[in-house]
Amino acid sequence: MSSVDAVKYNLKIEQGADWSKDWLLANVDDTPYPVANITAAVCQFKQFASPDSAVAVELTKDSGIVFDADTGKMTLQMSVDQTWLLKHNKMVYDILLTIEDDDGTLVYKPLRGDVQVVFGVTRNG
């Protein structure tokens, strides 16, 4: 197995509202990536200015990261309560995937980027 550098993709998230973002994971020949090989996934959102800052929100394969085996789609999802935890207007995120196949195990970072948080005034619910 080999890996490549993470793609930088910036996000914009409305604080206090449900949020989701989809990506298609594909092989180099544009066929859907076999997401069944992804055994673990984690995405963390932290304050931009401090790499040692606490994680504001963490999504995992069990909670907030959804894979569609037919299409190779990966979806990140946050609830109102989770987006309300994003307290800084500039944050960063990255995604780590653990992939297992006949060649072994690879921990791969496909995406990373900056997050612009649009502050909410009215809290839903």
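1. The largest nonpolar core has 29 residues, and those with the most contacts inside it are Phe45, Phe67, Met74, Tyr93, Ile95 and Leu97. Such a core is a set of buried Ala, Val, Leu, Ile, Met, Phe, Trp, Tyr and Cys residues joined through side-chain atoms within 4.5 Å. Among the strands (DSSP runs of E, at least two residues, numbered from the N terminus) that each supply at least two core residues are β3 (19-24), β4 (38-47) and β8 (90-101).

2. This is a predicted model, in which local features need pLDDT of at least 70 and side-chain atom pairs count only at pLDDT 80 or more. Residues are numbered from 1 along each chain, and side-chain values use heavy atoms, without hydrogens and water.

3. The count of aromatic pairs comes to three; rings of Phe, Tyr and Trp (its six-membered ring) pair if their centres lie within 6.5 Å, and planes over 60 degrees apart count as edge-to-face, under 30 as stacked and the rest as tilted. Tyr9 and Trp23 are edge-to-face, at 5.7 Å centre to centre with 80° between the planes. Tyr9 belongs to the loop between β1 (7-8) and β2, while Trp23 is in strand β3, 14 residues apart.

4. Ring pairs link Trp19, Phe45 and Tyr93 into a cluster.

Definitions and conventions: Buried < 20%, exposed > 50% of the residue type's maximum accessible area, 1.4 Å probe, protein only. Helix = DSSP H or I, 4+ residues; strand = E, 2+ residues; numbered from the N terminus.
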